[in-house]
Amino acid sequence: MRIVIDCFKLVKGTGKSIGIYNVALNLVKGLVNEKHKKNNWKVNKCELIVLGNALNKEDFKINGIRFVEITNYNPLNKMHCIIWELYSVTKICKYLDADRVVFPRGYCALFHPIEDIILIHDLIPFYYNQNFPGFFNKLENAYIMKRLKMSARSCKKIITISDASKQDILDYCDVSEEKITVIYNACSEINYSGIEEKCDRPYISAITSELPHKNAKGIIESYKMYCEISSNPLDLVIIGIKDVSSYYMPQEINNRITCYKFIKEDRELHKIIANSKLFLFLSLTEGFGLPPIEAMQLNVPVVCSNTSSLPEVTGSAAVLVNPYDYMEVARALDRLAVDEERRKHFIKLGQENYKRFDKEIIMKQYWKAIL
């Protein structure tokens with residue numbers, strides 16, 4: 001059996017989310033690893049083929065994968081991507097004599113001669129249509145919503161990453177519940193060797209972006225209040241925005257904040273989180289929300305939004321807060337920063353919680369869903 005995974009449109013560091021890129025990469029690596037371990041003849045007989053591009057070849061060209069580089073389309077050209085996902089990917093899959101094709105971005109081709117499986121991570125375009133109308137180009141967002149609906153209705157199977165996302169698919173896409181399989185995201189691969197270092201000034205780490213649903217404003221305003229109520233506030237390191245100049249912070253607070261727009265190397269990202277005293281994640285909506293789980297892997301206690309999938313994913317292992325209530329967040333940060341026993345309690349809970357997302361468990365679920 002030939003299984004094709006369409007990663008052509010994925011380019012690290014571009015687009016609206018790096019999350020899909022990382023999920024697709026973890027999926028490919030995990031399927032290869034599980035295939036090598038299996039005694040199941042159905043799995044052993046499978047050939048894994050990744051459709052990629054020159055910009056993601058370094059990541060996705062893995063031993064055990066047949067990597068097919070698409071050279072006649074540009075993944076950074078929107079029109080090329082539309083033509084690819086509507087028509088050309090089907091032609092390539094037929095040429096490769098594929099039996100299954102997996103679409104990690106949630107959009108399947110217009111025609112379906114091959115059994116197709118789509119991964120829908122979230123329904124963010126619908127969320128923006130309701131909560132931030134006009135933030136994205138209205139025509140483009142309408143097209144994305146229509147494509148998601150069409151793909152969900154016409155594909156053979158849907159895999160989604162949380163019960164919260166499953167409910168959104170049922171609400172927006174009008175598909176049968178039996179068509180949807182929930183498989184959580186797997187934990188990231190982390191190299192712990194030499195990752196810890198002594199910091200002169202302890203700090204809070206946070207991940208966000210310029211997109212409104214990632215709630216950079218909430219992080220910054222909550223931190224401002226935290227500095228006002230704390231007798232000895234920690235510094236703040238934010239990953240995902242270039243600076244806080246548009247928020248007009250008092251200079252003494254601004255001096256405490258360090259921003260990184262983008263960190264290419266996962267190891268550097270993990271190092272920043274691992275050496276922080278606590279981790280803050282205030283997203284307004286998430287299909288899954290991997291960063292809090294990564295912080296738990298790195299033995300860092302988490303303060304996290306109580307919205308969408310995040311309570312489902314973090315369980316009781318995070319301090320859950322209302323991301324719209326900045327004073328509630330500030331108090332949670334202050335208490336966790338000064339109460340060492342509380343920090344140890346949540347670190348221990350986090351260590352137990354992330355085991356739910358063990359890669360071997362998740363990949364067995366993927367093999368079952370795909371085959």
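These exercises, each with a worked solution, explore a predicted model.

**Exercise 1. A charged pair across the sequence**

Solution: 
- Step 1. Side chains of opposite charge can pair when their charged atoms come close.
- Step 2. Check the distance. For aspartate 266 and lysine 12, N to O is 3.9 Å. The cut-off is within 4 Å, so the pair counts as a salt bridge.
- Step 3. Aspartate 266 lies in helix 10 (residues 266–274). Lysine 12 lies in the loop between strand 1 (2–6) and helix 1 (19–37). The pair therefore ties together parts that are 254 residues apart in sequence.
- Step 4. Aspartate 266 has a relative accessible area of 35% and is partly exposed. Lysine 12 is partly exposed too, with 23%.

**Exercise 2. Two further salt bridges**

Task: Describe the salt bridges of lysine 166 with glutamate 177 and of glutamate 286 with lysine 214.

Solution: 
- Step 1. Take lysine 166 and glutamate 177. Their closest N and O atoms are 3.1 Å apart. Lysine 166 is in helix 7 (residues 163–173), and glutamate 177 is in the loop between helix 7 and strand 7 (180–182). The parts they tie together are eleven residues apart in sequence.
- Step 2. Lysine 166 is buried, with a relative accessible area of 17%. Glutamate 177 is partly exposed at 44%.
- Step 3. Turn to glutamate 286 and lysine 214. Here the closest N and O atoms are 2.6 Å apart. Glutamate 286 is in the loop between strand 11 (278–281) and helix 11 (290–297). Lysine 214 is in the loop between strand 8 (203–207) and helix 8. This pair ties together parts that are 72 residues apart in sequence.
- Step 4. Buried means under 20%. Glutamate 286, at 11%, is therefore buried. Lysine 214, at 19%, is buried as well.
- Step 5. Widen the view. Salt bridges with shared partners join Arg2, Glu47, Arg66 and Asp97 into one network. The whole structure has 16 salt bridges.

**Exercise 3. A covered helix**

Task: How many residues of helix 11 are buried, and what do they pack against?

Solution: 
- Step 1. Count. Eight of the eight residues of helix 11 are buried.
- Step 2. Name some. Among them are Leu290, Pro291, Ile293, Glu294 and Met296.
- Step 3. Find the neighbours. The buried residues of helix 11 pack against strand 8, helix 10, strand 11, strand 12 (302–305), helix 12 (310–314) and helix 14.
- Step 4. Visit helix 14 (residues 340–353), where arginine 343 lies. Arginine 343 is buried, at 10% relative accessible area. Beyond its neighbours within four places in sequence, arginine 343 contacts Lys277, Pro301, Leu336 and Ala337.

**Exercise 4. Positive phi values**

Task: Where do aspartate 174 and tyrosine 248 lie, and are they buried or exposed?

Solution: 
- Step 1. Recall the background. Most residues other than glycine have a negative phi.
- Step 2. Take aspartate 174. Its phi is positive, about 55°. Aspartate 174 sits in the loop between helix 7 and strand 7. At 62% relative accessibility, aspartate 174 is exposed.
- Step 3. Take tyrosine 248. Its phi is positive and near 50°. Tyrosine 248 sits in the loop between strand 9 (235–239) and helix 9 (251–254). At 71% relative accessibility, tyrosine 248 is exposed.

Technical notes:
Residues are numbered from 1 along each chain as its sequence is written. This is a predicted model: local features need pLDDT of at least 70, side-chain atom pairs count only at pLDDT 80 or more; totals for chains, interfaces and linings use all residues. Side-chain values use heavy atoms; hydrogens and water are left out. A salt bridge is a side-chain nitrogen of Lys or Arg within 4 Å of a carboxyl oxygen of Asp or Glu. Helices (H or I, at least four residues) and strands (E, at least two) are DSSP runs, numbered from the N terminus. Buried means under 20% relative accessible area, exposed over 50%, partly exposed in between (1.4 Å probe, protein chains only). Contact means heavy atoms within 4.5 Å.
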